[in-house]
Amino acid sequence: SLGGNSHTLMLACVSPADSNLDETVNTLRYANRARNIRNTPVINRAQPSIEQLRSEIEALQRQLQQQRQQAPPPPSLQTMP
């Protein structure tokens, strides 16, 4: 994709052959449009700490465990009488 916080390189391959004239013109038009795209990079400031991420993982694991305990097992895992 074009944009974001990175630099982008476009390589347009064109052909001098008359049989490829339409494809070459379309490629050059696309490359020109892509060259004119201007983006404003944004600094990612609010990054969660490792401890915040670990506590979120633990909370989600507890929530998942509670959901598993409340739900009946799927039919494929139930024992046959």
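Q: What share of the 81 residues of the chain counts as buried?
A: This is a predicted model, where local features need pLDDT of at least 70, side-chain atom pairs count only at pLDDT 80 or more, and totals for chains, interfaces and linings use all residues. Residues are numbered from 1 along each chain as its sequence is written, and side-chain values use heavy atoms, without hydrogens and water. Buried means under 20% relative accessible area, exposed over 50%, partly exposed in between (1.4 Å probe, protein chains only). Of the 81 residues, the buried share is 5%.

Q: How many helices and strands does the chain have?
A: Helices (H or I, at least four residues) and strands (E, at least two) are DSSP runs, numbered from the N terminus. The count for this chain is two helices and zero strands.

Q: Which residues does Met 10 touch, leaving aside those up to four places away in sequence?
A: Met 10 sits in the segment before α1 (21–35). Contact means heavy atoms within 4.5 Å. By that rule, Met 10 touches Tyr 30, Ala 31 and Ala 34.

Q: Is Met 10 buried, partly exposed or exposed?
A: Its relative accessibility is 37%. Met 10 therefore counts as partly exposed.

Q: Which residue forms a salt bridge with Glu 51?
A: A salt bridge is a side-chain nitrogen of Lys or Arg within 4 Å of a carboxyl oxygen of Asp or Glu. The structure holds one. Both partners lie in helix α2 (residues 50–70), three residues apart. At 3.5 Å between the closest N and O atoms, the partner of Glu 51 is Arg 54.
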